[in-house]
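These are my notebook entries on one chain. I record what I looked up and the terms that I needed.

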Amino acid sequence: MTETRWLDDAEQETWRAFLWTSRLLNEALDRQLQRDSGMPHAYYMILAMLSEAPGRALTMTRLAEIVHSSPSRLSHAVNRLEEAGWVSRCKHDHDRRTTIARLTDEGYAVLREAAPGHVAEVRRHLFDPLTREQMLEFRETLRALLSSLDPNHEAPCAGGEG
């Protein structure tokens, strides 16, 4: 059995700062979206990813990959979004086993309404406290971590709804 490589003081401080920052940021974004738009952050991300897809539609499998969700959790969320009229589902024309999620016009309108407040909250908590140089260094750090955690991750698109 190999010996445990315990975190030194600097690593421990970095780990805890990351842990608390990521948790508090996600909670802040979720609170803002619930308060202002009546949806959790996870639903916003589903709508945003669909809005950026060609034809505003993705297979459920691809959508689950993009939002890093289990198929069952995504299916539950899309059920709720479908009930709200923001997403519709249909079978693929050429493969009836494949389900496609499509952002409705109403869902797109809801997303466009929610986006400015969401972006303002992201900016307030993530970008405003950093200098441009710090932000660019942070981006490179996150890219390194992301490639370690998800080697097949595609680079995010520029633009979109935030």
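In which helix is H41 found? I found H41 in helix α2, residues 41–52. I noted that helices (H or I, at least four residues) and strands (E, at least two) are DSSP runs, numbered from the N terminus.

Entry on the model. I worked with a predicted model, in which local features need pLDDT of at least 70 and side-chain atom pairs count only at pLDDT 80 or more, while totals for chains, interfaces and linings use all residues. Residues are numbered from 1 along each chain as its sequence is written, and side-chain values use heavy atoms, with hydrogens and water left out.

Entry on H41. Is H41 buried or exposed? I recorded H41 as buried because its relative accessible area is 15%. The cut-offs are under 20% relative accessible area for buried, over 50% for exposed, and in between for partly exposed (1.4 Å probe, protein chains only). I then looked up its neighbours: leaving aside residues up to four places away in sequence, H41 touches N26, L29, D30, L33 and H118. A contact means heavy atoms within 4.5 Å.

Entry on the whole chain. I noted 6 helices and 3 strands. Their order from the N terminus is α-α-β-α-α-β-β-α-α. The C-alpha trace spans about 55 × 40 × 25 Å along its principal axes. Of the 162 residues, 27% count as buried. Among contacts between residues at least 6 apart in sequence, 53% join residues at least 24 apart. The chain exposes about 11500 Å², and carbon and sulfur atoms supply 54% of this area. Accessible areas come from the Shrake-Rupley method with a 1.4 Å probe; for residues, only the protein chains shown count as cover.

Entry on charge. I noted 20 positive and 25 negative side chains, the centres of the two sets lying 5 Å apart. Lys and Arg count as positive and Asp and Glu as negative, without His and the chain ends. Each charge is placed at NZ of Lys, CZ of Arg, CG of Asp or CD of Glu.

Entry on salt bridges. How many salt bridges does the structure hold? I recorded 8 salt bridges, each being a side-chain nitrogen of Lys or Arg within 4 Å of a carboxyl oxygen of Asp or Glu. One of them joins R89 and E82 at 3.0 Å, N to O. R89 is partly exposed at 23% relative accessible area, and E82 is partly exposed at 29%.

I also traced a network of salt bridges that links R139, E140 and R143. The closest N and O atoms of R139 and E140 are 3.4 Å apart, and R143 meets E140 at 3.1 Å, N to O. R143 and E140 both lie in helix α6, 3 residues apart, about one turn of the helix.

Entry on patches. Patches are made of residues with over 30% relative accessible area and no salt bridge; like charges are joined within 9 Å, and nonpolar side chains (Val, Leu, Ile, Met, Phe, Trp, Tyr) within 5 Å. I found a nonpolar surface patch of L130, F138, L142, L145 and L149, with about 450 Å² of accessible area together. L142 lies in helix α6, residues 132–149, and is partly exposed at 36% relative accessibility. I also found a surface patch of negative charge, formed by D8, D9, E11 and E13. E11 lies in helix α1, residues 9–37, and counts as partly exposed because its relative accessibility is 37%.
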